[in-house]
Amino acid sequence: WAIRLKLLSVCAGIFVVWDLFDGAIFNVLWSPFLSTESVRGAKNGVLWEWYFRTSLDKYSCIWGMLFALNFPAVSNVLTKTEELPAVQQWIVKGSALCVWGAAFVWWLTGPFMATKNEYNLGNAFYAPIPMVFYILARNISATGRKYYCNLPHFLGKLTLETYLMQYHVWLSSSATMLLTIVPGAPLLNATLATALFVCISHRLNYLTLSLRGQLLPDDTKRCILGAVGFVGTVGGFQIIGKVLAAFGASGMGVVVVSCVTGGALSAFLLLSPCIQHDTQETALHLSQQRHRVLLVGFGAALVMVFLGGTLVTREGG
């Protein structure tokens, strides 16, 4: 029950910040950092844009963790149900399907048909209904569970990354247009943009899992050390940026120093909490791994320098 109490506490915290008093607490917490002035891509101000974007799926992480937490119990119930005689088995399955089917029909004819603004307000609460109904209908038959399409299985692992990267890779112009790679060929352009989007999301998923294991391992001591190191590194970069700005460094100078320093130090320190020289072979392997990460870090820094130089040139022009 400990994990369930944790999830309940998180859920209560989300409700208080985003839903209680119509988001007034959210505004109090974030107004010192986010502006209310109208800017491109945020006509009502960055503060409102952050509130709107984060409120759409604010409970998604809770639903996902609840699904994972209860998966063993639900699987056990399904197994026990399928050990019953056929008639009793389908009475139990049919009852569950009818209940969730009725909920799905209510959602389809009610919240789903609402206006865009009304739907956005309730999406975080109603989203599990169609998902649970689909999962139940999809897995209710033992024969049906033997067949599946691998593509949704593959894409299902990338939902976090695709959600994040769609605004940076797939879409452009404040998410109103598709990224243009081949002008004048919309179908070819959509194919290439989508392929690039999925490939980058897949790679980002691999990096997410790798960084999670390195920065937040299961060992409590190493987890705390990694979290402190991460916060310290970010804070150090902030200090470097402030110092450079105080000395009147140009935008390009800030980009160069921050990116090169960050690419070197973060890549070097990233693996430090995980290094244990048990054997000479292990030490050699970790050393080679560290060098590869350093090269990747410097490569990323060079890319950021190039992009930063392009942005500075555009601003200057």
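## Basis

In this predicted model, local features need pLDDT of at least 70 and side-chain atom pairs count only at pLDDT 80 or more, while totals for chains, interfaces and linings use all residues. Residues are numbered from 1 along each chain as its sequence is written, and side-chain values use heavy atoms, with hydrogens and water left out.

## Nonpolar core

The largest nonpolar core has 11 residues, among them Leu7, Trp18, Phe26 and Tyr51. Such a core is a set of buried Ala, Val, Leu, Ile, Met, Phe, Trp, Tyr and Cys residues joined through side-chain atoms within 4.5 Å. Buried means under 20% relative accessible area, exposed over 50%, and partly exposed in between (1.4 Å probe, protein chains only).

Helix H1 (2-19) gives the most to this core, with four residues. Helices are DSSP runs (H or I, at least four residues), numbered from the N terminus.

## Salt bridges

The count comes to four salt bridges, each a side-chain nitrogen of Lys or Arg within 4 Å of a carboxyl oxygen of Asp or Glu. In one of them, Asp19 pairs with Lys58, the closest N and O atoms being 3.5 Å apart. Asp19 lies in helix H1 and Lys58 in the loop between H3 and helix H4 (60-81), so the pair ties together parts 39 residues apart in sequence.

Glu82 forms salt bridges with Lys93, at 3.0 Å, and with Arg145, at 2.9 Å. These shared partners join Glu82, Lys93 and Arg145 into one network. Lys93 is buried at 5%, whereas Arg145 is partly exposed at 28%.

## An exposed tyrosine

Tyr134, in helix H7 (residues 128-139), is exposed at 54%.

Technical notes
Helix = DSSP H or I, 4+ residues; strand = E, 2+ residues; numbered from the N terminus.
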